Each structure stands twice: as C-alpha cells, then as structure tokens.
Amino acid sequence: MTLEEAQRLVQSFMRAHGDTEGSGLNAKGFGGAALGEAQIYFEHAKDSGALKCSALIYRFRDAPRPGVIDGFRAEEKAGTDTGGGKVDYETENKSLFLSRTYGVLPAEQQFKEDLDRLVEASLNWGEEVFNRVADRVVPAK
C-alpha cells in the first residue's frame, strides 16, 4: 500500500475513536496515539508498502531481565489471546508490543475491528499476562 493509502486508513481508525484533528502518519510514515489507557503506534515501510500496527504492552526502564521476553513468547505460543497480533520487543526503545502487519490495504471497518481487538489484548497483556510472566521469571524474595 502507498503512504497515502496507509495515511487514510490510520486517519479513519483515529476518527472512529473521536480524533477530529486528523492525526495519522507523518511524512516519514510514523504515527501514534493514546486511546484511553492504551497506546498504539503505526509504521509504514516505504520499500514494501507494509503497515505495522503496534499496541504497547509495557515500556521497560532498563533492558528486561533474561527470560522475560521468552516468557511473553511462551504465553503467545500457549494460546493467550493476542488480539491477532504477535509479541514484538523493540530493543531501541525497550518496549514490548503486540503487533500486526498489513501487506495489502484492508477495508477500513475490518482494520478498525482488528486494531480494537489488538488494543484490548494489549491492555490485558499489560496487566494480567505481565504479572503472570513476571511471577514465573522473577522469583519472589
């Protein structure tokens, strides 16, 4: 999809959530927004045309302890609802997301439904799943 198509798609999603400012992607293909307690980010890849959508689970202050990210990936493998996304750890900003990527332009309504599920799942992962993984990986003192 082109940057313009991705821009329209993101703007339609934001409008559906009450954003009348027309927020979307910047000229470099990046964008983001807070939706209540949730945070969502968008990245359009110019070379492939793919649009990556990432809902924040947790932002670490320091690099996560060994086994933490593997613990989240194990939750994903075990079938914990990801809202259609995949566990995605970004080392440069020390953030854990549920992300999904669109290679072709989806219908606006389908995109909204998909991202609503992704955002809802990220909130669950940020609370319940995070605590479950932390309890397993970091032994209580």
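1. Thr 101 is part of strand S5, residues 95-102; strands here are DSSP runs of E with at least two residues, helices are runs of H or I with at least four, and both are numbered from the N terminus. The model is predicted: local features need pLDDT of at least 70 and side-chain atom pairs count only at pLDDT 80 or more, while totals for chains, interfaces and linings use all residues. Residue numbers start from 1 along each chain as its sequence is written, and side-chain values use heavy atoms, with hydrogens and water left out.

2. Thr 101 counts as exposed, at 51% relative accessibility (buried is under 20% relative accessible area, exposed over 50%, partly exposed in between, with a 1.4 Å probe and protein chains only). Leaving aside residues up to four places away in sequence, Thr 101 touches Ala 50, Leu 51 and Lys 52; contact means heavy atoms within 4.5 Å. The C-alpha atoms of Thr 101 and Lys 52 are 4.2 Å apart, although the two residues are separated by 49 residues along the chain.

3. Lys 52 also forms a salt bridge with Asp 88, at 2.9 Å from N to O (a side-chain nitrogen of Lys or Arg within 4 Å of a carboxyl oxygen of Asp or Glu). Asp 88 sits in strand S4 (residues 86-90) and Lys 52 in strand S3 (residues 51-59), so this pair links distant parts of the chain, 36 residues apart. Asp 88 is buried at 14% relative accessibility, whereas Lys 52 is partly exposed at 21%.

4. The structure has 7 salt bridges. Another one joins Lys 112 and Asp 116, with the closest N and O atoms 2.5 Å apart. These two residues are 4 apart in helix H3 and are therefore separated by about one helical turn. Lys 112 is partly exposed at 22% relative accessibility, and the value for Asp 116 is 22%, also partly exposed. Elsewhere, salt bridges with shared partners connect Lys 52, Asp 88 and Glu 90 in one network.

5. Helix H2 (residues 68-77) packs on helix H3 (residues 108-137) at an angle of about 120°, with the axes 9 Å apart. That angle makes H2 oblique to H3: under 35 degrees is roughly parallel, over 145 roughly antiparallel, 65 to 115 roughly perpendicular and the rest oblique. Axes are lines fitted to C-alpha atoms, for helices over the stretch in contact, and angles run from 0 to 180 degrees between N-to-C directions. The H2 and H3 crossing is right-handed, meaning that the near helix is turned clockwise from the far one by less than a right angle.

6. On the H2 side, Val 68, Gly 71, Phe 72, Glu 75 and Glu 76 meet H3 residues that include Trp 125, Phe 130 and Arg 132. The contact of H2 with H3 comprises 7 nonpolar, 1 polar and 4 charged residues; Ala, Val, Leu, Ile, Met, Phe, Trp, Tyr, Cys and Pro are nonpolar, Asp, Glu, Lys and Arg charged, and the others, Gly among them, polar.

7. Arg 132 and Glu 75 are joined by a side-chain salt bridge, 2.9 Å from N to O. Arg 132 is in H3 and Glu 75 in H2, so the pair ties together parts 57 residues apart in sequence. Arg 132 is partly exposed at 33%, while Glu 75 is buried at 6%.

8. Helix H1 (residues 3-16) crosses H3 at roughly 65°, the axes coming within 10 Å. The H1 and H3 crossing is right-handed. Among the residues that meet are Leu 9 and Phe 13 in H1 and Phe 111 and Leu 115 in H3. By class, this contact has 6 nonpolar, 1 polar and 4 charged residues.
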